[in-house]
Amino acid sequence: MEQLIGNNLASVAGFRPELVLTFGSIALLVLDLVLRRSRSRRALLAGAAVIVLGLAAVLLAAQSTASTPLFNGMIASDAFATFFKWIFLAAGFLTVLIVAQGDDYPSPRVGEFYGLLLAVVLGMFLMASATNLLTIYMSIELVSMVSYVLAGFRKSDRKAAEASLKYVIYGSVASGVMLFGMSYLYGLLGTFDVLAFAPKIAELSATTGAAGAATKLALVVAVVFVSSGVGYKIASVPWHMWCPDVYEGAPTPFTAFLSVGPKAAGFALALRFFLGSFAGPMGANGMAESIAGIPWPAVIGVLSAVTMTLGNLTAIAQTNLKRLLAYSSIAHAGYTLMGLATLSALGMQGVMIYMLIYLVMNLGAFLVVIVVAEATGSESIFDYSGLVHRHPLAAIAFGIFLFSLTGLPPFAGFTGKWYLFYAVIERASGPAGFWYGALAVVGALNTAVSLYYYARIIRAMFLEAPHVTDRVAPKLGYQLMLGAFSAAILVFGIWWAPIVEWSQRSMVMLRG
Amino acid sequence: MDANQYIALAAFLFGIGLVGVVVKRNMLVVFMCIELMLNAANLTFLAFARRAGNMNGHAIAFFVIAVAAAEAAVGLAIVIAVFRTRGTLNVDEVASLRN
Amino acid sequence: MEHASHALGPVLVEHASYLWLVPLFPLLGALVNVLFGWRFERSGKKSLVHVVAVGAMALSFLTAAYAFVQMLHLPAERRFLQNTLWNLFSAGRVTVDLAFALDPLSMMMVLIITFIGTLIHLFSVGYMWEDEAKAYWRFFAWLNLFVFSMLLLVMGDNFVLMFFGWEGVGLCSYGLIAFYYTDREKAAAGMKAFVVNRFGDFGFLAGLFLLFWGLGGAWAASCHTGGPSYQATPGMHSLAGASDAAASLALAPRVSLREHAAPAKHGAPAGHAAPAEHAAPAEHAAPAEHAAPAEHAVPAEHGAAAEHGTAPGHATASAKGEHGVGAQVMVGPTLNFRELRDQVVIEETGIAEHLKDQRVWGVALLALVGIFLFVGAMGKSAQLPLYVWLPDAMAGPTPVSALIHAATMVTAGVYMVARLNFIFALSPSAMGWVALIGTLTAVFAASIGFFQYDIKKVLAYSTVSQLGFMFIGVGVGVYWAGAYHLLTHAFFKACLFLGSGSVILGCHHEQDMRKMGGLKKYMPITRWTYLIACWAIAGFPWAAGFYSKDEILWKAFTSEHLALFGTATPWLGPAIYIAGLLAATGTSFYMFRSYFMTFTGEYRGGQGHGHEHGEDPHASVAAPHHADPHGHHDAHPAPDPAPAHGAHGHDAHGQAHGGHGGHGHTPHESPWTITLVLVVLAAGAVLCSLLGLPAAWTGHEPLLEQWLSPALTAEVPFVHKPHALEFVFQALGVGAGAIGFVFAWVLYKDNKSKVPAALKEKFLGVWTVVYNKYYVDELYDLVVIRPSLAWSRALSWFDGHIIDWLVNFAGSVARGFAGIDGWIDKHFVDGAVNAVATLTIEGGRTLRRVQTGRIQTYLYGALAGGLAVILLNFLIP
């Protein structure tokens with residue numbers, strides 16, 4: 001007992017950024033009340049949120065990236081989690097910057113928003129490091145529940161309320177199903193510790209005959225149930241349907257955050273869960289094989305192909321930009337799943353790189369949507385016609401983000417796709433290579449299809465005459481952010497060595 | 001009673017919850033069904049904890065109860081917001097975001 | 001070339017960490033103008049646009065000059081500057097770095113590009129200031145971007161970068177030709193250039209593909225260890241974007257040649273056991289080490305260091321090459337020019353032998369490689385039959401014609417052949433074809449130049465013809481002379497083009513030489529510079545063109561090694577010489593014709609001018625400027641005289657030369673930004689001759705040949721002929737120029753002679769054919785465009801009738817079977833091609849309908865999907 005407590009106390013040292021976020025979140029809620037009458041409350045609150053995030057960043061940077069279990073193995077502190085934590089901090093920080101300048105969140109309640117946003121960031125931190133069914137469930141619930149609130153933050157907004165309702169029902173059912181799956185996993189394996197799963201699963205799969213078949217069925221059902229919780233976070237088929245409605249209805253800055261933060265957290269969790277418990281150790285060639293004779297990689301591969309195809313096809317018919325980007329975000333979940341399906345070091349690295357780049361390009365794309373919506377009050381593609389004449393910077397930046405999302409060189413999106421496809425193609429020469437080859441072909445076809453709807457926006461912006469004459473005059477802060485995002489996309493499109501090296505260093509995951 | 005019977009009962013409850021979530025039109029009933037699902041999971045956890053002989057299953061039950069309460073609170077708040085803007089509790093009528 | 005007969009060692013690399021700045025400045029310039037140019041222009045600070053663009057060019061030139069100075073200080077065999085920035089990608093054993101390299105050849109190109117590029121940017125300031133296209137910034141951004149691409153093409157140290165540059169210059173050229181994109185004809189010209197160049201690119205890529213296919217075999221044969229060893233524990237992955245060379249070496253395990261060389265040496269009677277050899281067996285004994293490339297790289301590096309530092313200690317003259325090989329050359333897949341050159345040039349690798357032996361479809365592989373690569377060069381450098389785009393490209397602004405279509409981009413093909421001299425020199429057939437096509441182009445294009453009236457068209461055909469000369473040079477194997485002609489041509493042709501630009505400006509956008517004449521009175525500086533450039537191109541010994549052309553023709557005469565179909569054809573060299581001499585005579589004739597028509601006699605413009613302007617799109621927009629003559633002066637202090645041309649100057653000049661045009665349309669000299677550039681270029685056209693004074697005169701090799709020799713190492717067996725004969729041939733060359741000059745003098749001086757008109761009447765048939773450029777465009781139209789149109793029409797007819805009929809038939813049958821079902825009908829009637837697109841879009845629409853907006857549908861979906869996923873687990877074996 002004393003040893004347990006001692007471990008808990010010692011673990012606090014590796015938990016400081018999370019603690020800062022916890023107390024920061026509470027502090028912002030308090031500060032919101034204190035500053036009720038302050039004239040510069042908007043700036044002060046944003047400043048406070050930035051300070052909390054900055055402090056967390058400093059502590060995160062100071063923290064060792066050595067792989068250690070914390071709190072008696074409830075969560076892990078390792079380089080892999082740290083990589084994703086930086087993504088979450090960046091997503092939080094950029095969202096604060098966007099919200100601080102915009103009018104999506106009204107002044108009287110913006111403090112609450114920051115406080116809750118910090119809580120989501122905390123939840124994502126935990127998702128990336130959870131190694132126990134309990135912490136997995138709790139962290140997903142933390143992220144979800146606060147997200148429901150933030151999606152429906154404007155109570156009088158019909159669309160936001162609807163989005164929020166759908167989100168809460170869908171999310172609760174998904175996490176309920178996940179919990180039920182977890183209970184069966186617990187029953188089968190007798191432990192919550194994800195890192196201890198692999199040998200037990202291997203043991204289970206050794207049983208043969210009728211009992212073996214029943215065990216396998218139970219295991220598969222349990223894992224698919226658990227996947228529903230992760231799948232809905234990353235918006236993968238068949239747990240994607242909430243995504244367009246919620247993205248469209250929620251305030252745009254939060255949609256932007258939702259599309260990059262929780263998605264990355266979901267992938268971090270999925271990588272840890274699947275690579276940690278359902279794959280053997282990685283061989284010298286950087287590839288792992290699934291254990292227990294259950295074809296997880298194939299299943300994920302099929303989901304990946306279906307997800308990207310469905311996302312892209314449905315995006316074609318969209319005219320609302322937020323909705324279009326929602327479907328595009330589903331498609332991107334599909335591309336990223338390819339990396340998971342390879343069960344290889346390269347695939348894992350591909351997912352990490354893609355999530356990092358996706359953060360920049362997708363936030364950028366949503367930022368343009370915010371800028372245009374602030375000027376025209378519309379999210380319709382028709383109001384993007386002739387944008388280049390109304391605000392060249394916004395149009396050019398959007399063009400860069402869209403080309404990057406398509407995955408064309410020399411934009412960063414190409415880098416990301418390159419590593420994902422490379423991971424798949426690397427597998428194409430091994431066993432079941434044909435199917436990996438087929439997956440790569442489906443991915444390539446999808447990229448071509450996606451060009452169709454991205455190019456539609458670009459055509460509207462650059463080649464069509466403006467239908468509306470509303471002046472688009474983004475605030476200076478927005479302009480700076482657009483410029484910085486575009487520059488980052490261009491730079492990482494031709495010079496990606498730092499990202500690759502960083503992700504490579506970060507591929508160390510705590511193992512059982 | 002044998003643990004298996006608890007497990008069967010829990011599975012039954014979970015099924016009821018799941019079906020209810022899908023077919024019931026009243027938002028409040030939908031949320032009640034979600035609670036049912038969570039509690040079914042709790043029951044399974046406890047049953048398996050007895051079989052596995054460790055405390056993990058018991059521990060998570062407490063957390064789930066807390067989460068369920070929080071979920072109900074958030075859910076009801078959102079239901080109220082929806083009811084204020086639309087004047088209905090029928091989930092089918094809240095379908096303006098689509099396609 | 002004779003001096004290069006000893007065994008060649010690998011290129012020794014000197015690192016120069018600043019090379020990346022050379023292409024960076026133009027890129028930055030382009031970026032700044034893209035991002036802020038429109039703002040500068042809108043806020044009245046238009047001059048900032050050209051300050052940025054010209055400044056970027058000047059900085060780039062200064063950096064290049066610095067590199068040149070550094071290179072001068074190095075001993076000849078170490079003149080290879082390299083700057084590796086980072087790894088672009090690695091696939092298997094091939095790594096491609098973003099790296100720049102300068103050897104003497106590319107150094108020369110870079111100096112041409114940045115120096116002449118700077119001058120032409122400066123010229124453009126005056127030329128484009130008043131242009132009605134209203135996109136000053138767009139022009140300079142394109143121009144800067146072009147220079148960047150061109151530098152990438154020249155400086156990239158591997159095929160990937162070269163190809164980026166290759167496509168980049170094409171794109172920029174397309175953008176600049178179609179600069180007045182409101183003008184349909186000009187946009188079409190841009191399109192033509194684009195399409196023709198794609199055809200050339202196809203050849204280029206096919207050549208590269210064949211080359212690497214052949215090399216792949218050679219590499220496989222010489223690389224006796226197994227395939228790539230893959231080391232990829234998480235954390236140390238082979239896809240590392242490692243930026244330092246050592247790491248990329250480690251990633252690509254290659255075979256050190258020492259293993260081949262060492263055992264052979266042991267068998268040799270000479271018993272001097274150098275320390276390096278002791279290391280060899282040790283390494284040899286542990287081939288397992290190849291699996292751990294990191295370790296392998298260390299001894300290799302070590303060896304290199306030892307070679308540099310201590311080689312004199314035990315190196316005899318004969319051993320030098322072998323030591324070099326043992327120390328540095330890695331045989332293995334590479335896309336890097338230097339590594340490829342080392343592997344091919346150094347005999348011990350056996351790569352060259354292997355390549356020579358390979359045959360495809362009964363033809364020597366290397367001949368095919370050379371010819372396909374040359375097809376790529378044909379497109380870019382406008383050779384028969386792909387030259388058709390270049391005359392049309394004159395639709396672009398004149399500075400563009402000077403920079404891209406005379407001095408730089410069109411020489412990319414020549415550069416590429418010279419760059420890959422070690423490949424071309426291996427195949428006499430490839431050389432023969434290059435030289436032959438070059439000759440035919442030179443003669444053919446020169447003859448078209450005889451009767452053109454558009455001054456820019458004359459220069460365009462002259463460029464095509466001169467490029468032909470360059471290809472004769474690189475074709476027969478006198479690579480340095482080809483490069484020398486490239487250099488001199490860059491000066492005199494840029495001078496001619498800019499001179500013509502000055503004339504066109506002076507004559508208010510008139511390009512027809514029949515409407516010029518007598519301009520020497522109005523534009524003395526332009527006239528003199530134009531005349532000097534004419535001397536240069538015609539080949540008079542007081543200007544540079546003579547030396548380069550003469551060297552090329554002389555070496556063509558003395559080459560007996562050329563082949564066409566695998567066997568040597570000794571007559572080809574002399575034949576090329578004779579044809580080349582003819583072309584030179586023609587060149588002299590049409591150039592002086594253009595000079596006399598433009599600058600001598602009486603000014604013939606002015607009459608009917610208003611009518612001309614009515615048709616000219618430039619003039620119609622220039623009119624509004626006239627109303628506000630000094631509106632711009634306050635806004636831009638920088639090049640004050642610049643706006644003093646064009647529409648603004650009319651009043652002033654109208655008074656000064658009141659007696660002439662009546663309404664003020666007299667020609668006038670151009671502003672200083674233009675004339676200064678002309679003077680510099682004309683000076684260059686004369687002074688360049690110092691670089692190429694023939695050995696027969698001075699007793700030592702021409703300066704440029706000495707300079708380029710480390711880069712152009714291919715050995716070509718020219719026949720030795722006595723110096724006396726060379727003098728005779730030089731006299732013949734001057735004679736050819738003089739004949740052309742005399743004819744032009746007699747026929748066109750002062751435009752008084754009636755002979756041209758009479759001749760034209762007499763040989764109207766010939767005249768018409770040549771004037772219409774041998775109807776080549778029409779031929780293309782007939783042979784390529786019409787058939788493809790007809791083909792597409794046939795296809796659409798087929799589609800419209802047969803397919804539709806089939807589809808309708810199928811539809812009826814389907815209806816027959818399925819009853820009248822509108823849905824099936826609709827989905828079958830959309831033809832086969834549309835089906836995919838329709839399916840995609842319809843799929844999107846259908847899928848969209850699934851998203852009903854009802855949350856419970858979504859939950860159903862999730863449940864059904866989850867069930868499907870569970871089933872999937874059991875369906876997949």
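**Terms for helix pairs.** I take axes as lines fitted to C-alpha atoms, for helices over the stretch in contact, with angles from 0 to 180 degrees between N-to-C directions. Helices (H or I, at least four residues) and strands (E, at least two) are DSSP runs, numbered from the N terminus.

**Ground rules.** This is a predicted model, where local features need pLDDT of at least 70, side-chain atom pairs count only at pLDDT 80 or more, and totals for chains, interfaces and linings use all residues. Residues are numbered from 1 along each chain as its sequence is written, while chains are lettered from A and ligands numbered from 1 in the order in which they are written.

**Entry 1, a helix pair.** I looked up H9 (residues 209–234) and H11 (residues 252–277) of chain A, whose axes come within 7 Å and cross at roughly 145°. The crossing of H9(A) with H11(A) is left-handed (the near helix is turned anticlockwise from the far one by less than a right angle; clockwise would be right-handed). From H9(A), A:Val230, A:Lys233 and A:Ile234 meet H11(A) residues including A:Pro262, A:Phe267 and A:Leu269. I sorted this contact by class into seven nonpolar, one polar and two charged residues (Ala, Val, Leu, Ile, Met, Phe, Trp, Tyr, Cys and Pro are nonpolar; Asp, Glu, Lys and Arg charged; the others, Gly among them, polar).

Which residues have the most contacts inside the largest nonpolar core? They are A:Leu359 and A:Leu367, in a core of 252 residues. A core here is a set of buried Ala, Val, Leu, Ile, Met, Phe, Trp, Tyr and Cys residues joined through C-beta atoms within 7 Å. H14 (residues 345–376) of chain A gives the most to this core, 23 residues. Beyond four places in sequence, A:Leu359 is in contact (C-beta atoms, placed from the backbone, within 7 Å) with A:Ile87, A:Ala90, A:Ala91, A:Val260 and A:Ala264.

I found A:Val52 in helix H3 (residues 41–62) of chain A. Is A:Val52 buried or exposed? A:Val52 counts as buried because it has 24 C-beta neighbours inside 10 Å (buried takes 20 or more other C-beta atoms within 10 Å, exposed 12 or fewer, partly exposed in between). Its contacts beyond four places in sequence are A:Val20, A:Leu21, A:Gly24 and A:Leu118.

I noted 33 residues of chain B in contact with 33 of chain A. On the chain B side, H3(B) gives the most, with 17 residues. That side divides into 24 nonpolar, six polar and three charged residues.

Methods:
Two residues are in contact if their C-beta atoms, placed from the backbone, lie within 7 Å.
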